Amino acid sequence: MSEPAQPDRPHPVDETLPPLKMFTSGLQHVAAMYAGVVAPPMVVGPAVGLSPKETAFLVAASLFTAGIATLLQTLGFWRIGARLPFVNGVSFAGVTPMVAIGKDRGHDGIAVIFGAIIVASLLGFVLAPYFCKLVRFFPPVVTGTVITLIGVSLLPVAFNWSQGGNATADDYGSTTNIIMAAVTLVIVLALRKLLRGFLQQIAILLGLVVGTLIAIPVGITDFGAIKDADLVGFPTPFHFGAPQFEIAAIVSMCIVMLVCMTESTADMLALGKIVGRPADERTIEGGLRADTLGSAVSPLFNGFMCSAFAQNIGLVAMTKVRSRFVVAVGGGILILLGLFPVAASVIALVPLPVLGGAGIVLFGSVAASGIQTLASAALEKGENALIVAAAVGIGLIPIAAPDFYHAFPKDLLVVLDSGISTGCVVAIVLNLAFNHLGRTPDQEEGAGPEAEKSSDEAPVAVH
């Protein structure tokens, strides 16, 4: 729910906080999304045939470019940037097609991937003013469904981290890992209950620190990353060669871009509600332009396609710190981590089971926000409950039955394997079918007053 404007005080999204609070809150955002940023290059690098050192270079480049994209999104310029507390990073949606494009092709494979990302991103930038108009198809019955699916879809990530993160490792799912995740979860909940003010707001960061310290004597903290990391490093432009352009690769990445734009739109709508500044068409257009421009620039510095990170929505919901400048500081930290690999390795000290314990709270907070939105969606009217039931059910297929679509063409899997995308499309289509098609304008207004109210009350974002 949006807050009334006060002449003597900026909106919480536009507030600047004391330096220490800005830094620690920004660092908390980085800690929450760090694993999500480094995972794609760690998968793609070995798959295309890069050496461990070259893969480490990809990781640093991904952190650097994630920082640039985050600054574009939070600070923005002209009509670029949602100017919401959004963290941007490497999209995992593109991992499967990127592996298929570059598998065992070494530097040439990376060059083809980068060329396809550049073309797809520029196309997305051009489409942003038109794509943002889809916002009118997102009344509360749709947005609540999508926000809930975002949170539920992220929970398996937290469960995987809680088990150790690497399914091939001997200790994957061990009692030690799971107990460590449970301990961290309890610590975070206890800190949220016992602390007050600023310390309560950084309970996640404090929980990660305490959890990591406990994990050291337990023996699941790996210090190898610090020993092997370079002190200083810069992602040299086109380190792997000039981008190459292949039609099949470009088509694959264009599909990924459309998926990312759909998910980013849903993420912006979700975050807009949480921070009290509902995302209108202009906000979404700016956010999509930041996503696509960041993705187009990313290959220049050897990074991959960037999109909004849903993980951090839960952090905003939980801490109530809504300042976009906090996240901008997080973007600056990401850039520094990319320039100083040894600093990045310190963040990497947090064991995945510890991160998983905190992640359960973070991602669960997103799902809770979606449920809160659905509470205002008049589920007792018309077929709204049926819309939610079908969309959530179909959206959960990739989570509950990961091999459900195994017989489908691989190109379709880019969309079908994303429960957020499929659930979003189903919710939009069913909402149109049940609440709009075959009705007069007056009937449409009566069938979905929440949508009209949401649209009318949404304030124009201050750019």
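Biologist: Which residues make the nonpolar surface patch of about 380 Å²?
Modeller: First, a caveat: this is a predicted model, where local features need pLDDT of at least 70 and side-chain atom pairs count only at pLDDT 80 or more, while totals for chains, interfaces and linings use all residues. Residues are numbered from 1 along each chain as its sequence is written, and side-chain values use heavy atoms, with hydrogens and water left out. A patch takes residues with over 30% relative accessible area and no salt bridge, with nonpolar side chains (Val, Leu, Ile, Met, Phe, Trp, Tyr) joined within 5 Å and like charges within 9 Å. Here the residues are Leu123, Leu127, Tyr130 and Leu258.

Biologist: Which helix gives the largest share of the nonpolar patch?
Modeller: Tyrosine 130 is a handy landmark, as this residue lies in helix α4. Helices (H or I, at least four residues) and strands (E, at least two) are DSSP runs, numbered from the N terminus. The largest share of the patch, 3 residues, comes from helix α4 (residues 106–131).

Biologist: Is tyrosine 130 buried or exposed?
Modeller: Buried means under 20% relative accessible area, exposed over 50%, and partly exposed in between (1.4 Å probe, protein chains only). Tyrosine 130 has 58% relative accessibility, so the residue counts as exposed.

Biologist: What percentage of the 463 residues in the protein chain is buried?
Modeller: For the overall picture, the protein chain has 21 helices and 2 strands. Among the 463 residues, the buried share is 54%.

Biologist: Which residues touch the most other members of the largest nonpolar core?
Modeller: A nonpolar core is a set of buried Ala, Val, Leu, Ile, Met, Phe, Trp, Tyr and Cys residues joined through side-chain atoms within 4.5 Å. The largest one has 103 residues, and those touching the most other members are Val44, Ile110, Ile113, Met253 and Phe304.

Biologist: Which element supplies the largest share of this core?
Modeller: Take the core of 103 residues again. Its largest share is 14 residues, and they come from α10.

Biologist: Is valine 259 buried or exposed?
Modeller: Valine 259 sits in helix α10 (residues 247–275). With a relative accessible area of 4%, valine 259 is buried.

Biologist: Which residues are linked with Asp14 in a network of salt bridges?
Modeller: A salt bridge is a side-chain nitrogen of Lys or Arg within 4 Å of a carboxyl oxygen of Asp or Glu, and the structure holds 6 of them. Aspartate 14 pairs with arginine 277, the closest N and O atoms being 2.6 Å apart, and also with arginine 324 at 2.8 Å, N to O. The residues linked with Asp14 are Arg277 and Arg324.

Biologist: How many residues apart in sequence are the parts that aspartate 14 and arginine 324 tie together?
Modeller: Aspartate 14 and arginine 324 are both buried. Aspartate 14 lies in the segment before α1 and arginine 324 in helix α13 (residues 324–339), so the parts they tie together are apart in sequence by 310 residues.

Biologist: Why does glutamate 285 count as buried?
Modeller: Glutamate 285 forms a salt bridge with arginine 79, with the closest N and O atoms 3.4 Å apart. Arginine 79 is partly exposed, with a relative accessible area of 36%. Glutamate 285 counts as buried because its relative accessibility is 8%.

Biologist: Which side chain of opposite charge is nearest to aspartate 267?
Modeller: Aspartate 267 lies in helix α10, and this residue is buried yet has no salt bridge. Lys and Arg count as positive and Asp and Glu as negative, while His and the chain ends are not counted. The nearest side chain of opposite charge is 14 Å away: lysine 273.

Biologist: What is phi of tryptophan 78 near?
Modeller: Most residues other than glycine have a negative phi. Tryptophan 78 is in the loop between α2 and β1, and at 57% relative accessibility it counts as exposed. Its phi has a positive value, near 50°.

Conventions
Areas by Shrake-Rupley, 256 points an atom, 1.4 Å probe, with all protein chains shown as cover.
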